[in-house]
Amino acid sequence: MYTIEGETGTWETVIGLEVHAQVISKAKLFSGAATEFGAAPNSQVSLVDAAMPGMLPVINDHCVEQAVKTGLGLKAQINRRSVFDRKNYFYADLPQGYQISQYKDPIVGTGEIVLDLPDGSARTVGITRLHLEQDAGKSLHDQSPRETFVDLNRSGVALMEIVSEPDLRSPDDASAYLRKLRSILRYLGTCDGNMEEGSMRCDVNVSVRKVGDTEFGTRCEVKNVNSIRHVMSAIEFEARRQVEIIEGGGSIDQETRLWDPNKGETRSLRTKEDAHDYRYFPDPDLLPLVLEDGFVERIAATLPELPDEKKARFIAEYGLSAYDAGVLVAEQAKAFFYERAAKGRDPKLAANWVINELFGGLAKAGREIEDSPVSAEQLGGLVDLIADNTISGRIAKDVFAEMMETGQDAGAIVEAKGLKQVTDTGAIEAVIDQVMAAQADKVAEYRSGKDKLFGFFVGQVMKASGGKANPAMLNELLKKKLG
């Protein structure tokens with residue numbers, strides 16, 4: 001349990017997250033303008049996005065499908081009737097002077113996400129709602145010392161705002177929630193989850209209360225945090241800030257704050273608005289969105305196997321631990337790679353090599369699984385050589401290192417370098433005799449009761465055999481010889 005020890009007692013943190021996930025779509029929510037990331041400023045702006053007089057929004061049905069698919073992936077209620085509202089506020093990068101969003105009648109209602117926590121436990125976090133809305137443009141403050149530039153490429157891009165219940169209690173909870181949500185979105189193909197590109201952004205609501213209290217404290221919202229690490233840091237800072245204020249005799253103002261990653265602190269931005277401040281009303285240019293019969297069912301029939309279901313199958317079908325299964329299903333591409341590598345082989349041995357050696361090697365090389373120099377079939381071939389005792393596990397690590405460097409098959413490397421494991425008992429006995437003759441004093445010490453020297457002899461024989469001696473046979477023969 002994550003708590004903060006204050007002067008007046010022990011405090012807990014109450015956290016709710018609002019995630020803005022950009023919908024994967026080639027066109028914006030209410031116009032046909034492109035959504036490609038990295039385009040030249042103001043090169044993807046239609047007359048609708050620029051809020052020219054007389055322009056009318058037209059709903060992009062693909063974005064509706066993506067929102068429904070996400071709701072189904074979150075095991076949420078899909079509302080057959082939803083309403084688009086105007087949310088009124090004024091920024092230089094919001095040409096209309098309002099945002100088209102959803103308020104009282106969102107397209108998706110309550111759902112849930114099951115978190116896999118670091119201690120191996122699992123817990124369920126409620127989803128309050130998911131609604132569709134259009135993004136604002138972007139203000140650029142670093143292009144000129146005197147002026148602010150506005151880029152409207154992002155204006156009108158479809159967002160899914162996914163709001164959690166205040167069920168999170170620690171930075172680790174928030175991290176697990178965001179990772180799981182991102183995994184689900186990527187499996188579904190509804191959002192790429194690239195926080196560094198701004199296609200998944202997070203508003204963090206934080207309040208504190210004494211452990212044992214049931215009433216919520218006054219919350220502050222930290223806006224637009226763009227990495228999981230920063231979300232965790234912002235929660236830690238904000239919770240401690242609030243505890244210090246309350247214990248110092250002050251009170252928490254409900255406000256919106258910014259996270260400054262350079263200083264590692266939150267700063268006040270504005271007094272927190274309530275819903276009435278936005279003067280919501282149904283958009284007169286858009287009729288209520290009514291989903292026809294069979295629409296949701298057709299989308300449900302296209303859902304892929306999602307992380308929780310895939311994890312359960314990996315445990316049941318392959319006999320993997322919950323931890324290993326969780327690591328493998330965290331990303332869809334990693335799960336696919338593992339299943340190809342494990343096909344027709346020892347699934348646990350394959351999992352060990354995928355998780356420990358492949359993932360470790362890719363991380364060291366700064367590469368993603370899609371860009372792996374070793375294919376799933378090649379890794380499976382290496383596992384085969386270990387399983388049939390052609391090479392030892394130690395030799396296999398050297399072979400794998402060369403596979404990562406050259407992309408060659410394991411069999412070709414083993415053949416070219418003469419790395420096949422020695423399983424001939426006579427050959428192994430000859431090496432053991434050679435080592436015992438050279439280490440006669442150590443043999444005498446072992447036979448006088450120093451059993452711990454056995455490991456020394458194993459190492460010496462392995463060294464003398466170039467690491468090729470079969471470990472099981474070596475141990476058995478060595479025990480007999482030394483005994």
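Mentor: Start with Gln66. This is a predicted model, and every value here is computed from it. The side chain of Gln66 reaches the backbone oxygen of Ile24 at 3.0 Å. That side chain also reaches the backbone oxygen of Gly189, at 3.1 Å. Gln66 sits in helix H1, which covers residues 61-73. Its relative accessible area is 4%, so Gln66 counts as buried. Leaving aside residues up to four places away in sequence, Gln66 touches Val23, Ile24, Met160, Gly189 and Thr190.

Now the cysteines. The structure holds 0 disulfides. Take Cys63. Its closest cysteine sulfur is in Cys191, 12 Å away, and that is too far for a bond. A disulfide would need the two sulfur atoms within 2.5 Å. Cys63 is buried, with a relative accessible area of 0%. Cys202 gives a second case. Its closest cysteine sulfur is again in Cys191, at 12 Å, too far for a bond. Cys202 counts as buried because its relative accessibility is 1%, and the cut-off for buried is under 20%.

Next, the rings. A search of the whole structure finds 9 aromatic pairs. One of them joins Phe30 and Phe84. Their centres are 5.4 Å apart, with 80° between the planes, an edge-to-face pair. This pair links distant parts of the chain, 54 residues apart. Phe30 is in the loop between strand S2 (9-22) and H1. Phe84 is in the loop between strand S3 (81-82) and S4. Both Phe30 and Phe84 are buried.

Tyr89 and Tyr278 make another pair. Their ring centres are 5.9 Å apart and their planes meet at 70°, so this pair is edge-to-face. An angle over 60 degrees is what that label requires. Here 189 residues separate the partners, and the pair links distant parts of the chain. Tyr89 is in the loop between S4 and S5. Tyr278 is in the loop between strand S14 (265-271) and S15. Both Tyr89 and Tyr278 are buried. The two also belong to one aromatic cluster, formed by Tyr89, Tyr91, Tyr103, Tyr278 and Tyr280. Tyr278 has a charged neighbour as well. Lys87 lies over the face of Tyr278, 4.4 Å from the ring centre. Elsewhere, Lys334 lies over the face of Phe359, at 4.6 Å from the ring centre.

S5, S4 and S15 form an open sheet of 3 strands, in the order S5-S4-S15, with antiparallel pairing. The edge strands are S5 (98-101) and S15 (281-282), and each pairs on one side only. Strand S4 covers residues 85-88. It is joined to S15 by 2 bridges, and the two strands run antiparallel. Asp85 has its bridge partner in S15, namely Pro282. Strands of a sheet pair through backbone hydrogen bonds, either parallel or antiparallel.

Come back to the start for a last check. Gln66 is buried in H1.

Terms used
Residues numbered from 1 in each chain as written. Heavy atoms only, no water. Buried < 20%, exposed > 50% of the residue type's maximum accessible area, 1.4 Å probe, protein only. Helix = DSSP H or I, 4+ residues; strand = E, 2+ residues; numbered from the N terminus. Polar contact = N/O pair within 3.5 Å; in protein donor to acceptor, adjacent residues only side chain to side chain. Contact = heavy atoms within 4.5 Å. Pairing = 2+ DSSP bridges. Phe/Tyr/Trp six-rings, centres within 6.5 Å; stacked < 30°, edge-to-face > 60°. Lys NZ or Arg CZ within 6 Å of the ring centre and 35° of its normal.
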